[in-house]
Amino acid sequence: MARPQNESYELSDGEKRDLIELIQTGKPLPERYRFLLFEDKREVELVWNGKTREVANVILPFQTLEHVDEPRKEERTQEEMFDLRGRRQEGWTNKLIWGDNKLILSSLRGGGLRREIEEAGGLKLIYFDPPFDVGADFSIDIEVGDETFHKDANLLEQIAYRDTWGRGGDSFLSMFFERLIIMKDLMSMDGTIFVHCDWRLNSAIRLVLDEVFGADRHLNEIQWCYSIGGKGESRFARKHDTILFYSKSDSYFFDGKNPKVVVPRKKGSHMRVLVDEKGNEYQEKTDRRTGKVYRYPVSAGKIPEDYWTDIEQLNREDSERLPFPTQKPERLVERIIAAASENSDLVADFFCGSGTTAAVAEKLGRKWIAADLGKFAIHTTRKRLIQVQRELGAEGKLFRPFEVLNLGRYERQAYLNVSPRLSTNRREATLAIKEKEFRDLILRAYRAQQLEGDSFFHGKLGSRLVVIGPINLPVGRLFVEEVIVECRRIGATQADILAFEFEMGLFPAVLDEARAKGLDLAPKTIPPEVFDKRAVDKGEVRFFDVSYIEATPRFSSDGRSVAVELTDFSVYYSQGVANELVANLRNGKSEVICEQGQLIKINKDKNGVVTREVLTKEWTDWVDYWAVDFNYETRKEIVRFAKRIGEDAKIPGVVVDEGEFLDYEERWTGSYIFENKWQTFRTRKNRELELVTAQHTYEEPGRYVIAVKVIDIFGNDTMTLIPINIS
């Protein structure tokens, strides 16, 4: 007999015995007990394996990698000093964030940037376009010299896609559900969200959105129809995506009459076209109840319906096309942003890909936050936004500066975070255990043998000793000199130094010094993938040698101005990596590696025959982008560390309990922010790269530090410092 709705119900003795037996034997409870034991007013709910409303609650400080507030600073004449081109808008600085958006969202929600977001009015609009295709190809085309090759997603991206789709739709929904909950909290009360999906999971995604936002907050199910792609042989061709439109509350912004939103009126519709006394075409409609006549000018267009047929997918020849297979056309995102936000509203995209949302938001005068896990996506978006800044500046329009952020070393520190509630002795003991586990994980990823005891070195790989640098600081000259001293003390001649970061400008000079003392030192960068134990267990983690830059200052005759010439950029990977790749490469596959300063594509055909193709003919083929900060040590990197009230210690990764209140304190990291004052980069249309900057004039004599940043064709960045004296 069914229980009457809203009527209290008490379990019978038999039901209690059954429940106790099921719990004791570890068996699942029948679904009906969920509604008998717990009050739940939801009438419809989607359930999947692993569903939980618990969300990420780790708060990490954001590290500022770069600040771009001028699209291109050139030497100007006195007359041009008063030119208003390239004007920047003060106040909010746009954010381009590299990293896992789960940690990014939790750190935005509970961290120091939350106040900035709220002062900017909260997230007024979120465009959410995750990778929803289980079979999608996330590789990209990269141009090297005159050649183009296919690059797979990096390991972090592959792991993320594997976690999302590897266990089926339930893992995707878990990812989606958790992020939605946090995003809703960051949204302004009048905010909206547009979720882009296709036929694979659109029905499930709608139910999840109903649960998070409420079914009454569902405003539209938009069908974006297109003609490109999709074939129908055994079924009708799939020629549309779905965009689900939800609001956070009943009060939300929508401007359907914005010129960026409206579509032309069809003259062949049910309303006939008339011409007024001035010769203007219009259509009219009479309200049958009131008799009121409504007149619609044809030239003004109309608000589109919930099926959009006037915007095509991008084809390979489109001018805005970038090397991203899931890239959406700007017109599509433009319609969404124009309809659901106003000038200076804050727009966000946490799967930004090629940066379409950020680019359109910048053009429409919106503030923006964009994030992505892929380093190449961040680099592509950075170039795209600089180009937008240049275009706006050339047109005399305002643009906003943006900064490139990540969780960087603080994400690594969080790996070793120890509860401050432990006693001092227990904290020290727990930290020592975590540090050892951390080193063991890195050594296992590096496939090195661990060394027991209190040796300065942590492991051994063949005849080479292995030492791991500090987790939260760059390895500098003092650490390398200590390695040299220890090697000479025990008579070792070969050593590998593993570190997440190395001090800028350290190489190649320090390696030459070690070589002069008979030591072969090899610095290796620890990749973020070491934190994924599955990748370590499968032997998928690769350590790479450090690249270095050679740049030369070119002074003017009076010594007051200087230009910088990029003279060399080198990366050297060991032959052992190449041999290992060939051995592990499957038939019919290819891999791109760097060997002795060249980029080489290794192909293994279906019969196992290996061929090698050199892609880089010159060192400049490596360089995709380079930029200069002519006065590097002027802007300190200040981060906001979260701490619990009443604590003195600043905790890099704070795990927040529900309802817990945090305080924030700013602290200088000891580093400086790269102020991007001059840059050149390759685009799809223009493959040329300048190798000498414009002249920069210093107003005062003294010592200055020039920072040079190079980003290679894979999106990896390297920096070096050049100290100069201006007389």
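**Close-up views of a predicted protein model**

Among contacts in the protein between residues at least 6 apart in sequence, 68% join residues at least 24 apart. The model shown is predicted. It comprises 16 helices and 36 strands, and buried residues account for 48% of its 727 residues.

**Figure 1. Helix α8 is largely enclosed by the rest of the structure.** The buried residues include Leu-332, Val-333, Ile-336 and Ile-337.

**Figure 2. A salt bridge joins Asp-310 to Arg-335.** The N to O distance in this salt bridge is 2.6 Å. The pair links distant parts of the chain, with Asp-310 in the loop between β13 (307-308) and α8, and Arg-335 in helix α8, 25 residues apart. Asp-310 is partly exposed, at a relative accessible area of 30%. Arg-335 has a relative accessible area of 3%; because buried means under 20%, Arg-335 counts as buried.

**Figure 3. Asp-624 and Lys-383 meet in a salt bridge.** Their side chains come to 2.8 Å, N to O. This pair links distant parts of the chain: Asp-624 belongs to strand β28 (residues 623-629) and Lys-383 to helix α10 (residues 375-394), 241 residues apart. Both Asp-624 and Lys-383 are buried.

**Figure 4. Within helix α13, Arg-489 forms a salt bridge with Glu-486.** The closest N and O atoms are 2.9 Å apart. The two residues lie 3 residues apart in helix α13 (residues 477-490), about one turn of the helix. Arg-489 has 60% relative accessibility and counts as exposed, whereas Glu-486 is buried, with a relative accessible area of 17%. The structure holds 36 salt bridges; elsewhere, Lys-51, Arg-53 and Glu-211 are linked in a network of them.

**Figure 5. Trp-224 and Tyr-226 form an edge-to-face aromatic pair.** The ring centres are 5.0 Å apart, with 65 degrees between the planes. Trp-224 and Tyr-226 are both buried. Another edge-to-face pair consists of Trp-668 and Tyr-672, at 5.7 Å centre to centre and 65 degrees between the planes. Trp-668 is partly exposed, at 36% relative accessibility.

**Figure 6. Charged side chains lie over aromatic rings.** The charged end of Arg-238 sits over the ring of Trp-199, 3.6 Å from its centre. Lys-184 lies over the face of Phe-213, at 5.7 Å from the ring centre.

Methods: Residues are numbered from 1 along each chain as its sequence is written. This is a predicted model: local features need pLDDT of at least 70, side-chain atom pairs count only at pLDDT 80 or more; totals for chains, interfaces and linings use all residues. Side-chain values use heavy atoms; hydrogens and water are left out. Helices (H or I, at least four residues) and strands (E, at least two) are DSSP runs, numbered from the N terminus. Buried means under 20% relative accessible area, exposed over 50%, partly exposed in between (1.4 Å probe, protein chains only). Contact means heavy atoms within 4.5 Å. Rings of Phe, Tyr and Trp (its six-membered ring) pair if their centres lie within 6.5 Å; planes under 30 degrees apart count as stacked, over 60 as edge-to-face and the rest as tilted. A charge sits over a ring if NZ of Lys or CZ of Arg is within 6 Å of the ring centre and within 35 degrees of the ring normal. A salt bridge is a side-chain nitrogen of Lys or Arg within 4 Å of a carboxyl oxygen of Asp or Glu.
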